[in-house]
Amino acid sequence: MMITANDVKSKLIENFNVFELNLQEDESNPIAEIRKEALKKFAAMGFPTRRHEEWKYTPVSKFLKYDFEPRTFTDHGAPDEEDLADAGIPGLRANVLFFVNGHYQAARSKILEEDKFEFRDIASAINDEDPYLLSRLNSVIDREKDPFIWLNQAYMRDGAMIRIKDHVKLQYPIYLVNMELPSKGNYLDNVRHLIRVGDHCEASIISNYINRSGEDRNLGNYFIQLEIGDHSHVDFYTLQYELGKGLHIGNHEVQVGTKSTFSTFFFSSDGRLVRNVSNIILRGEHSEGHMYGLYSLDGNDHCDNRTVIDHAVPNSFSNELYKGILDENSVGVFNGKIMVRPGAQKTNAYQHNPNIILSRGATLHAKPQLEIFADDVKCTHGATSGQLDEEHLFYLRSRGLDAANAKALLTYAFAYEVVEKVKIPALREFLEKRIQGKLLIHD
Amino acid sequence: MALLEINNLHASIDGNEILKGINLKVEKGEIHAIMGPNGSGKSTLASIIAGREEYEVTKGSVLFEGKDLLDLAPEERAREGVFLAFQYPVEIPGVSTANFIKASVNEIRKHRGEEPLDAASMMRLMKEKLALVEMDKSFLSRSVNEGFSGGEKKRNEIFQMAVMQPKLAVLDETDSGLDIDALKIVANGVNKLHNEENAFLVITHYQRLLDYIVPDKVHVLLNGRIVKSGGKELALDLEARGYDWIKEELEAGAPQNS
């Protein structure tokens with residue numbers, strides 16, 4: 001029998017009690033109430049349909065073909081050499097936090113700068129009723145009314161809780177490895193990463209998503225909350241190169257304080273369904289938000305990029321560059337919203353979304369949205385889509401490069417504008433190689 | 001066997017016939033100049049030799065070392081030794097000149113059955129050829145033609161030609177938009193590369209370039225046909241008298257070779 005999104009929803013709601021029993025959480029733990037509230041919200045919303053404006057181009061029900069079940073067991077097996085190789089970034093020295101099927105793996109993790117930040121796994125923070133955790137769970141900003149956020153909150157089990165104290169400059173990035181190992185069932189993993197960066201800090205975070213089964217029987221539902229204090233610099237990199245046909249939902253909620261700069265980078269090149277949502281709130285004056293994205297898709301990849309940059313106060317700046325390369329039957333979605341709140345004067349906001357369509361079967365949906373409630377602001381946006389320039393191709397071919405290589409070189413050049421923004425050399429090199437590999441550039 | 005042999009070449013674009021029966025033979029070691037007013041078909045001829053696909057050849061043949069050139073893809077022509085210096089070289093942001101040249105040189109070497117050049121030899125080759133067109137090595141790290149002045153773009157074409165060492169180089173109005181200094185640099189580059197084994201087809205609107213690159217033969221292209229051929233003095237005639245006298249000669253039915 002065909003499973004529908006409604007069946008998936010009903011089963012998730014019905015089986016919540018079983019999930020709770022399996023968890024063996026203390027009944028008096030406030031988390032119980034938080035979970036129930038979240039489940040109610042999820043039940044009321046259900047999975048989005050095409051009628052939901054935010055999901056117009058991503059008919060999520062189409063991808064929910066199995067009776068996904070939240071994992072409750074804790075024995076996930078150990079990643080083998082091949083699994084680990086997928087998580088490796090040559091030459092990268094980092095504070096590694098390793099998660100398998102959504103669970104923290106201390107044995108695979110390696111924290112180089114223990115004295116500089118505080119790390120807890122969320123599972124134990126839940127058990128200890130950690131006040132910081134509870135306060136964050138109670139302060140989810142519900143502006144986008146995304147049912148996956150509530151699903152995550154109802155069923156969350158683990159994740160990283162990271163706190164960086166004031167005046168700390170991390171020397172090495174924090175590297176979150178999020179790996180799904182092949183398993184027999186159809187699993188939904190709800191993972192929460194909570195990060196708090198203090199004032200006058202510098203930090204980079206890399207979050208890499210790896211689905212070793214490469215199947216659409218795995219749905220990773222991630223919710224990342226990042227709070228940045230004042231006068232800080234934070235870069236956040238998301239890598240999606242090893243998802244195979246996996247399904248991935250990632251919600252990011254970022255708050256940026258006064259005179260702080262936040263940069264986000266999404267590199268997506270895999271996945272039957274990938275939805276990356278970035279909600280960035282510039283809540284301090286003279287703060288900056290930089291958003292870079294490169295979605296390079298083929299096969300039946302579907303990648304939906306949704307960004308909201310919220311200029312909540314005067315004198316803030318945002319810049320967005322998302323580039324798409326769409327081949328074969330892939331579908332790319334770009335939906336970028338610039339919000340300028342009443343009174344947020346002197347806002348500067350730029351958005352640019354160029355796309356290259358390499359095949360007739362590929363589809364792009366680009367939708368910039370400007371909601372401006374202040375009059376003294378500068379906002380520009382532009383989205384383009386087209387093929388590779390014939391004159392450029394002929395020029396390269398007339399110098400001896402064959403058509404395929406000429407196309408690859410031009411496509412790489414197109415992509416490089418985003419890659420060159422990456423500030424960690426080992427990561428930049430890794431991305432260069434990945435993109436060249438995908439384009440089959442040979443020396 | 002001629003290096004290049006064009007027989008009764010007819011070509012059109014979007015149904016308009018541009019070339020109406022071109023005959024031309026270029027031997028190794030020769031420099032030919034093709035002159036003619038705007039719209040006579042000069043650039044079309046260059047484009048067809050290089051393999052630009054928007055032109056349709058309706059009749060005739062182009063043989064390169066006896067091989068059917070029209071049957072080859074643009075990259076195959078390049079690897080066989082045909083080079084076109086573009087009238088309007090394109091800017092390619094994001095592709096460094098060094099990487100571009102490297103890819104190009106190694107494709108050609110592969111075609112000849114040679115090993116790819118190692119990094120040091122490649123750099124030596126590029127530096128040597130840069131000196132020929134008086135370009136700084138900082139050019140190599142810049143994106144291909146991006147932000148180059150008109151003169152720099154043309155010098156970059158000659159630089160690429162020097163690196164690729166083609167058997168036949170077609171210079172499509174390489175002199176247009178050049179000041180006298182840049183013109184001398186370009187001409188000097190061509191003269192240094194010229195030898196008994198290669199040939200040049202210099203397409204130009206003006207005689208000026210031919211003060212520095214001395215052709216063995218000059219052809220006048222008019223309305224899609226070569227209507228007059230001669231020695232280098234023909235270029236001076238054209239400079240002094242324009243093209244009208246040739247048109248008049250044609251109408252009077254005068255012989256076409258002086």
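Trainee: How many salt bridges are there between chain A and chain B?
Mentor: Four salt bridges link chain A and chain B (a side-chain nitrogen of Lys or Arg within 4 Å of a carboxyl oxygen of Asp or Glu). One of them joins the side chains of A:Glu391 and B:Arg52, at 2.7 Å, N to O. This is a predicted model: local features need pLDDT of at least 70, side-chain atom pairs count only at pLDDT 80 or more, and totals for chains, interfaces and linings use all residues. Residues are numbered from 1 along each chain as its sequence is written, and side-chain values use heavy atoms, without hydrogens or water.

Trainee: Which helices of chain A touch chain B?
Mentor: Helix H8 (390–397) and helix H9 (403–419) each supply at least two residues to that side of chain A. Helices here are DSSP runs of H or I, at least four residues, numbered from the N terminus. H8(A) gives the most, with six residues.

Trainee: What area do chain A and chain B bury?
Mentor: About 2100 Å², with 63% on carbon and sulfur atoms. That is the accessible area (1.4 Å probe) the two parts lose on being put together, summed over both. A:Phe394, A:Tyr395 and A:Arg399 supply 37% of the area that chain A buries against chain B, more than any other three residues.

Trainee: New topic. Is B:Gln87 buried or exposed?
Mentor: B:Gln87 is buried, at 17% relative accessible area (buried means under 20%, 1.4 Å probe, protein chains only).

Trainee: What does its side chain make a polar contact with?
Mentor: The side chain of B:Ser43, at 3.2 Å. A polar contact is a pair of N or O atoms within 3.5 Å; within protein, one must be able to donate a hydrogen and the other to accept it, and residues adjacent in sequence count only if both atoms are side-chain atoms.

Definitions and conventions: Chains are lettered from A and ligands numbered from 1 in the order in which they are written. Buried means under 20% relative accessible area, exposed over 50%, partly exposed in between (1.4 Å probe, protein chains only).
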